[in-house]
Amino acid sequence: MAIDLRSDTVTLPTPTMRQAMATAEVGDDVFGDDPTVNELEALAARMTGMEAGLFVTSGTMGNLASLLAHCQRGQEVILGDESHIFHYENGSASAVGGMVLHTVPTNADGTLPLDAIEAAIHLPSHHYHFYHWAPPGVICLENTHNRCGGSVLAPSYFADVAALARRHGLPIHLDGARLFNAAVASGRPVTDWTRHVTSVQLCLSKGLSAPVGSMICGSAAFIDRARRMRKILGGGMRQAGVIAAPGIVALTQMVDRLAEDHRTARTLAEGVSRLPGVTIDVAKVQTNIVIFSLAAASEAERFQAAAAEAGVLLSDFGAGRLRMVTHYGISEDDCRDAVRLLAGCCLA
Ligand SMILES: Cc1ncc(COP(=O)(O)O)c(C=O)c1O
């Protein structure tokens, strides 16, 4: 079997999750009748310190339903030029919601410069008097930051963005697909970040290993709007308790073990740092994502193909960069084996 480091989305449900699926109490969730979904939504709300939660099919749907709930057509979503929402979600906020994606440059650590966020906000005096500018609707942050190598953004940075957002009366949406990785890596509760944002999206189906789904959390009024948007997107599910049940296991039993993924990621990072032709800053590996570079895009493509042939699956991140992600199902031994196999893929 290949050592699959393409993503933490390849995780398989645990035996406890399968058991929970088989025995879940269910009902019609569009009527609010599924007790397991209701339990999951209440649990996520409690864990994030928000009023309410909503179970959605994916991180992409969670981000889109949130943006639709925050913005009107023609409003701007202010977000990083390296964000997942900008790069990998099919421009859905524009395609479906008529929103303008206004990108600002992303620092190497995944933060967005505060002055760049401020400059991206078109003031009411501009859009009301001159009718040139699309009005701002929401600011988006991402934590951990995928394309910045799983970097952890500090709560103090969130406090700074929240102060800025408050000055302009803007909401903040957090793409927290891997927020629990940030929490475990920092030894802090997720509420240290969520208390600074208006809404958050959390993936259950990455390192937490559930087969399907994400949560969005926010105020009761926000979740009401998001629930409507979820229905518009075709995400109103019926006896969804069978997939919510492993989500409950994910949130109650799978968070602390993310520390293991962070340890195995370091093993991988230190291992590949010794390979000829590989550039990596091992000190930047804070969570379960390891990004390294080869001299050129063509070299990375060749290396990825050779690695797959040898039994190690990697993702191409463009511009000569390759990504490895550790997860439930990848052991220390797998990482040592992967490094040995990758060594055989280096050009002499
Ligand atoms: C940071 C981030 N946000 C959102 C998503 C989207 O999640 P999904 O694949 O469940 O749509 C991902 C998926 O990899 C992600 O890495």
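At what angle do helix α1 and helix α12 pack, and how far apart are their axes?

## Packing of α1 and α12

This is a predicted model. In it, helix α1, which covers residues 15-23, packs against helix α12, which covers residues 241-253, at an angle of about 140°. The axes of the two helices are 7 Å apart, and their crossing is right-handed.

On the α1 side, the contact is made by T16, M17, A20 and M21. These residues meet V242, A245, P246, I248, V249 and Q253 of α12. Sorted by class, the contact of α1 with α12 has 8 nonpolar and 2 polar residues, with no charged residues.

## Overall form

The protein has 15 helices and 12 strands. Its C-alpha atoms fill a box of roughly 65 × 55 × 35 Å along the principal axes.

The radius of gyration is 21 Å. This agrees with a compact globule, because a globule of 348 residues would have a value near 20 Å.

## Two domains

The domain assignment divides the protein into domain 1, residues 9-253, and domain 2, residues 257-343. The C-alpha centres of domain 1 and domain 2 lie 28 Å apart.

Domain 1 gives 17 residues to the contact, and domain 2 gives 14 residues. On the side of domain 1 that touches domain 2, there are 7 nonpolar, 9 polar and 1 charged residues by class.

## Surroundings of the ligand

Which residues surround the ligand? They are T9, S58, G59, T60, H84, E142, N146, D175, A177, C203, S205 and S214. By class, this shell holds 8 polar residues, 2 nonpolar residues and 2 charged residues.

E142 belongs to the range of β5, residues 136-142. C203 falls in the range of β7, residues 199-203, and S214 falls in that of β8, residues 214-218.

## Backbone features in loops

Where is T144 found? T144 is in the loop between β5 and α8, the latter being residues 155-168. A cis peptide bond joins T144 to N143, with omega at about -5°.

The other loop runs between β7 and β8, and S209 is found there. Phi of S209 is near 75°, which is a positive value in a residue other than glycine.

Key
Residues are numbered from 1 along each chain as its sequence is written. This is a predicted model: local features need pLDDT of at least 70, side-chain atom pairs count only at pLDDT 80 or more; totals for chains, interfaces and linings use all residues. A residue is near a molecule or strand if its C-beta atom, placed from the backbone, lies within 6 Å of it. Ala, Val, Leu, Ile, Met, Phe, Trp, Tyr, Cys and Pro count as nonpolar, Asp, Glu, Lys and Arg as charged, and the others, Gly among them, as polar. Axes are lines fitted to C-alpha atoms, for helices over the stretch in contact, and angles run from 0 to 180 degrees between N-to-C directions. Helices (H or I, at least four residues) and strands (E, at least two) are DSSP runs, numbered from the N terminus. A crossing is left-handed if the near helix is turned anticlockwise from the far one by less than a right angle, and right-handed if clockwise. Two residues are in contact if their C-beta atoms, placed from the backbone, lie within 7 Å. Domain bounds come from an automatic or database domain assignment. The radius of gyration is taken over C-alpha atoms; the globule rule is 2.2 Å times the number of residues to the power 0.38.
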